[in-house]
Amino acid sequence: LPSQFSGLLGTVYRRGNLSFTRDGSALISPVGNRISVFDLKNNKCETFPLATRLNIVCVGLSPDGSLAILIDEEGAALLVSLIGKCVIHHFYFHKPVHSVSFSPDGKKFVITKDNVALMYHAPGRKREFNAFVLDKTYYGPYDETTCIDWTDDSKCFAVGSKDMSTWVFGAERWANLIYYSLGGHKDIIVACFFEENSLDLYTISQDAALCVWQCDTELDGLKPMPPKDAAREKNAEKNDEEFLEEPKGEEIRGKANPNEQETRDKVKYSRVAKYFFNKEGDFNNLTSAAYHKKTHLLVTGFASGIFHLHELPDFSLIHSLSISDQRIASISINCTGDWIAFGCSGLGQLLVWEWQSESYVLKQQGHFNSMVSLAYSPDGQYIVTGGEDGKVKVWNTSSSFCFVTFTEHTSGITAVTFTSNGYVILSASLDGTVRAFDLHRYRNFRTFTSPRPSQFSCLAVDSSGEIVSAGSQDSFEIFIWSMQSGRLLDVLSGHEGPISSLSFNPMKCVLASASWDKTVKLWDMLDSWRTKETLILNSDVLVVAFRPDGKELAVAALNGQITFWDHENAVQTGSIEGRHDLQMGRKELDKITAKQAAKGKSFTTLCYSADGQSVLAGGLSKFVCIYNVKEQILMKKFEISCNFSLDAMEEYLDRRKMTEFGSMALIDEGAGGEDGVAIPLPGVKRGDMSYRHFKPEIRVTCLRFSPTGRSWAATTTEGLLIYSLDSGLIFDPFELDIDVTPSNIHKTLHQKEYTMAIIMAFKLNEKKLIQEVIEAVPSNEIDVVCSSLPDLYVEKVLEFLASAFEISCHLEFYLIWAHKLLMLHGQKLKTRSVKLLPVIQFLQKSIQRHFEDVSKLCEWNIYNIKYTLAVSQQRGMKRLAEETLVDEDDLDSDSDYLM
């Protein structure tokens, strides 16, 4: 299965700075160690298939919008092409970087790390050996530097620092401005902004104070250095460089208190005003800010989740609003100044607010804790996820957005599923309820409970959508309800341990239940829920799954084995020893090696592919394994994440983190206690959240294959990852012979032998060629061509139509094709329905999506036409003068009454 990463859902923002693209219609958000681009005009989201080694801390976009610099927690940078979506260059800054900013002319960029600012030549359009060439190093602040802002003509930039000072540096050595230091604050500088086409500056500190600085010189007044002085300085630097192995670039060392001689004839700043955001007695830390120079709009975000909009330089409040109950970590304004983006890293929230109409353009939030379960809708268009935060979210796979969140559960979700019609979602929770949600009206219309409160650990619904079953963790029973009435029909007891998994046979009314008592029981619904069969295994059973045709059962147990059963005859047909394939990583606080820890680990989630030929398995590691069922071999291992900000990623502990007292991770900084870090208790699912440094552990909690057979999804610590079948990269001919060439196909097409041309095109299996041939068939001949197609090629044409619907604009033409094929070959296709189901569902998904789009448009047009007709009819009616007068009198009396 040549799958490739195609999207990350469920995580919209982690940490780092948000940035709008050049045209202001798309937003770039760092999600862990990847970046997502939210296209706000077309309502789409795309995650780039590239990743840094650790979480991304800052993103810098070039002014022309073609390049981005992504920098992670340790200072490793990637230069990325936003057009080609690929990595161009790797660079390492050796220290954590706080911010990065390109100059407005795109020729330079500045990064701030430690207490210095480094200016580099920006990577150009030509290919260089080294894309990052250091130009100048600026010293001045005593403490870490925090923020950067450039003047509009790229002549100067300002840098804020944690030592409460702001420094203005010249990008070139100007005669009257090399560096300038500004004080006036009592806390860390959060942001600094230049006024438009001016050297006037605004500085904002964490204690919510704003200083307005006025400069006595305009930008045009900056004088270049006389050539004599410049040459003298260059020579002095050359002499220094002779002793260095590599050129360090120019160094500019600023002094906080320069002497009078140095300040003579230089630019001078004076503080014009100081404003405070907090009312007296309020202590609300300012955490982020953004300024739009053209409209003079200042947006500030606070630790309490409030943001303010002010107009500068008068500091008049436009409005303030609370958008979250966590700190606002990042703010960005688009180029037109209409949309403001906010990121809250605590909750993983991303909001885009249109401040003039006071409405949300985008409002997305992932699950607060990790996702636990997922399910595809029958047509593969939607995915539902359940999280430990008790929320059920539904995602659209084509736009990657969450369009509804259900919050009725009061505890963590353990399982979610769709019914066969695709309009009802069921979720089981530890709060002792199973709830049914309606996707038409977005409401919770049924709540199923047990006679004695019990925590539900798993859930299954039969193929008709009428019977709902849930397994209990504490009472070892299985509860059966009727969807129609909501009544409890039966309680199945017989297991002697917690129920770990339930699965209904897709073809028959048989329920398989797995338990920690080392058995899988099969219950027959038609035989009044009697135990039909008990399959005994060597170890606790964790997960059970039926093949899509219902003829085989896959079972994963605690000893790491996956066994396959013919459940009709209760015979084991095969087994896979999968423990070594899981390949555990070693956690920072583990006292034992990864190899030893892996002995107690196993697969916790399992699912069949849509055609039933392979099985996907995952567990507490960064790998997802795909096995071939028939051959019982490992076909492929997918590495779900390469983000080392997560725990249990490396197999061996890093020697650099080892000291004579043991691992660095065991020494908790600032904990105060002398005992260091407590070793986590066995069975703890997540780390101890009371610690300052808390690393989430990498794990795969649920895997599902799409019913269309085109993609599969996994819920992981990082979010909901979607992998789709990569059909574009492989040449996969079918029954190819020597006469099948593109030129022969064109010749056959020219002779109007359409059926032959289609068969030849499918033999060559080049997508563009197939499209050309099919679109060359006149619409009045489709009927004839369809009737003369061999059965084998009917499936292939249907599959092609399903994929073509997604991108093509020839809607009616392809609909005629689909209609004729299904009408003429429907009966034959029915006999092979199990094999063809993924293709038909893929086709249904594509048509359904177009139907929704076109029907909305048609309804809107019908409404508009009706409205136009009604208006034209009213215009045509002539009123008598008396009637008009009477009407006006009535109106007067009405208005008086309203007043």
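Which residues make a nonpolar surface patch of about 420 Å²?

1. This is a predicted model, in which local features need pLDDT of at least 70 and side-chain atom pairs count only at pLDDT 80 or more, while totals for chains, interfaces and linings use all residues. Residues are numbered from 1 along each chain as its sequence is written, and side-chain values use heavy atoms, with hydrogens and water left out.

2. The patch is made by Trp860, Tyr863 and Tyr867. Patches consist of residues with over 30% relative accessible area and no salt bridge, with nonpolar side chains (Val, Leu, Ile, Met, Phe, Trp, Tyr) joined within 5 Å and like charges within 9 Å. A salt bridge requires a side-chain nitrogen of Lys or Arg within 4 Å of a carboxyl oxygen of Asp or Glu. Areas follow the Shrake-Rupley method with a 1.4 Å probe.

3. Tyrosine 867 lies in helix 11 (residues 833-876); helices are DSSP runs of H or I with at least four residues, and strands are runs of E with at least two. Tyrosine 867 is exposed, at 53% relative accessibility. Cysteine 858 is partly exposed at 37%, whereas cysteine 458 is buried at 4%. Buried means under 20% relative accessible area, exposed over 50%, and partly exposed in between.

4. An open sheet contains four strands in the order 47-48-49-50, with antiparallel pairing; two strands pair if DSSP finds at least two bridges between them. Its edge strands, each pairing on one side only, are strand 47 (541-546) and strand 50 (571-577).

5. Strand 49 (residues 561-566) and strand 50 are joined by six bridges. Phenylalanine 564 has glycine 574, in strand 50, as its bridge partner.

How values were computed. Buried means under 20% relative accessible area, exposed over 50%, partly exposed in between (1.4 Å probe, protein chains only).
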